[in-house]
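Subject: Structure handover

Hello,

Here is the structure I promised to pass on. Please open it beside this email and follow along.

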Amino acid sequence: MIAFVLQRLLQGIVVMLVVGFIAFSLFNFVGDPVSLMLPPEATQADRDAMRQSLGLDRPFYLQFVTFVENALHGNFGISLRLGRPVSTLLVERLPATLELAMSAALIALAVGIPIGVYTALRRDSWFARLLLTTSLVGVSLPNFLIGIFLILIFAVWLGVLPSFGRGDTVALGAWTTGFLTQSGLKALILPAVTLSFFPLTLVMRLVRAEMLEVLRTDYIKFARARGLSDRAVHFRHALKNTLVPVITIAGLQLGGIIAFAIITEQVFQWPGMGLLFIQAVQFADIPVMAAYLCLIGLIFVVINLIVDMLYYAVDPRLRAERAGAGGH
Amino acid sequence: MAQDLGYGTTAGVQAPPPGWLRRFLDGDIFHAFKRSPLTITASLIFLLIVMAALFAPWVAPHNPFDLRTLNLLDAFTPPSWTGRGNPTYLLGTDDQGRDVISAIIFGSRMSLVIGLAATVLAMILGVTLGLLSGYVGGKVDAFIMRVADVQLSFPAILIALLIDGLARASLPKEMHDTLAVYVLILAIAAAGWVNYARTVRGSTLVERNKEYVQAARVIGRHPLAIMFSHVLPNVLGPVLVIATLQIGAAIITESSLSFLGVGVPPTQPSLGTLIRIGNDFLFSGEWWITVFPGAALVILVLSINVLGDWLRDALNPRLR
């Protein structure tokens, strides 16, 4: 177990170094940071002084080491567009994105699992077929279009829900939350539903496929033969065993949801990291892009690590396999 | 085809081998096609959109990019059936008086071109890297697959955004505007090669040890020749299925990028650009500027996905 965790940890560090290197290259080679930071009338002497103060005259690998050190201290420089430290900007925006992503993930699980179970148990009913077809349509719908249609229906035509922003927020230390005010919760509904759509169809299809698989196994037949009620067989025996892969995929999807929030945040002008990033791309604001990349990379690596360990802890078959394969 | 029909009916005479079209029409795949009304509908719709896009300058009732024909007095005309509409503009006009249906036809042309080009480029890139990875093995394989692993943990849209942002930062503005479409194709392709590479690598690993490859190696053919003229044709089947499904994904990625404002320039709008333009007028009640391009996008992607789904099942012998 310890060897496995260490190996995964090492892999994660390598991935972070690669991501950091890409971010570092972005920083140093795309556009000249010196000319970006100095006014156009600066002299050559000014440029050299700036270059020296930024450490750009030092060897390449030393610069990378400095970059990693700074990144570990959360120092990603100053946003070219807003003129404020990038780390402060990201920390300000982080709560909005995380609250949105968490709510979307919760909706996806809370709605996706029951629908998945239903479509597996009543696989031939017309309603199950309808749900399945709808999910295919859902996969073909671009995320931003779902948002626009929801805005059109609920904000423009019915006028019951707000279409942009976060509503009122309450500050809990450094964390600003929209969960505690009525307008914050109302503002959350449309973006969260929009963002949950894709993972919801995924969870639903996964639960359905796994349920169908499990219902065919011998221990389910045996449970039925023992005279257990349908309810006990379906929920206590079958569903429990399908949840392992579902939790894994849902966990892995969480990173994807955070990244996909870029689009949802743009549609609803949700003041999160994604909106910051998309504005950075439009203005070629390299420090923000680099920092966002590192942060998303970190979130992905951490989630992958946790999911791997959970999987390892939950599924005994994996442990046996690894032991058999000689600790590959 | 005509020859086959003539000979085949004569009794007692051995029929010549049927032509490829005949073979196709008698084959399993076409049989499966005929039995699926959903697939037939989807392919008809897809064909219709492709035709309209191909002949856009002749099919579209107006030229939305000819500034001389635009009249600002016609701006914000609602669809023709709403009562306040104008019969020359079936689906209404946008803020600059452009005919919405013509803009959709030209826009789907742009979306299709970028989606197809990006898919083909990703396929070439992925198949080449997959062949190399599977055939050469060793360090090359390890390197390519690690890169693929790292990339796969990031969503395609993020990678495409990053490449686009890179190009934006490193190219001068005017140059970026002229190159925007190519940058976009490259960005989407670079985000999508991994699927092909993984699949091709897997089947190449199997093919590599077969006798025909060993024979080719023994007679001293160049490794590149073996890869591309011997192994490639045998690993291409699954690649085509992935490609069909990827066209839809590529079109969605393109429209998302254009919607975010980092895709194609507004002078050559794609469906995503049209939706973004219309989005600004959603609140003032001009819903048709957004809704119709949006519906066109959904219909296009849905028809491609239905075709791809069907192709995957039809080519999968286990499901027959």
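This is a predicted model: local features need pLDDT of at least 70, side-chain atom pairs count only at pLDDT 80 or more; totals for chains, interfaces and linings use all residues.

**A helix pair in chain A**

Two packed helices are described by the angle between their axes and the distance between the axes. Take α9(A) and α10(A). Their axes cross at roughly 150° and come within 11 Å. That angle is over the cut-off, so α9(A) and α10(A) are roughly antiparallel to each other. Their crossing is right-handed.

Which residues meet here? From α9(A) come Y219(A), I220(A), A223(A) and R224(A). From α10(A) come V233(A), H237(A) and A238(A). By type, this contact has five nonpolar residues, one polar and one charged.

Now look at α9 of chain A by itself. This helix spans residues 218-225 and has eight residues. How many of them are buried? The count is zero, so to speak of cover: the helix is hardly covered. After α9(A) comes G227(A). The phi of G227(A) is positive, near 85°.

**One residue in α10**

Next, find F235(A) in helix α10 of chain A. Is F235(A) buried or exposed? F235(A) has 12 C-beta neighbours inside 10 Å, so this residue counts as exposed. Also check F235(A) against V117(A). These two are 118 residues apart along the chain. Their C-alpha atoms are separated by 9.1 Å.

**Where the chains touch**

Chain A gives 31 residues to the contact, and chain B gives 34 residues. Which helices of chain A supply at least two residues each to the side that touches chain B? They are α1 (2-29), α6 (126-140), α7 (143-157), α10 (230-268), α11 (273-282) and α12 (286-314). So you will meet α10 of chain A again here. On this side of chain A, 25 residues are nonpolar and six are polar. No charged residue is found there.

**The nonpolar core**

The largest nonpolar core has 155 residues. Which of them touch the most other members? The answer is V203(A), F277(A), M289(A) and Y292(A). Helix α6 of chain B, residues 100-136, gives the most to this core, with 17 residues.

Finish with Y292(A). Leave aside its neighbours within four places in sequence. Y292(A) is then in contact with M273(A), F277(A) and A280(A). Of these, F277(A) was also named for the core.

Best wishes

Methods:
Residues are numbered from 1 along each chain as its sequence is written. Chains are lettered from A and ligands numbered from 1 in the order in which they are written. Two residues are in contact if their C-beta atoms, placed from the backbone, lie within 7 Å. Helices (H or I, at least four residues) and strands (E, at least two) are DSSP runs, numbered from the N terminus. Ala, Val, Leu, Ile, Met, Phe, Trp, Tyr, Cys and Pro count as nonpolar, Asp, Glu, Lys and Arg as charged, and the others, Gly among them, as polar. A residue is buried if 20 or more other C-beta atoms lie within 10 Å of its own, exposed if 12 or fewer, and partly exposed in between; C-beta atoms are placed from the backbone. Axes are lines fitted to C-alpha atoms, for helices over the stretch in contact, and angles run from 0 to 180 degrees between N-to-C directions. Angles under 35 degrees count as roughly parallel, over 145 as roughly antiparallel, 65 to 115 as roughly perpendicular and the rest as oblique. A crossing is left-handed if the near helix is turned anticlockwise from the far one by less than a right angle, and right-handed if clockwise. A nonpolar core is a set of buried Ala, Val, Leu, Ile, Met, Phe, Trp, Tyr and Cys residues joined through C-beta atoms within 7 Å.
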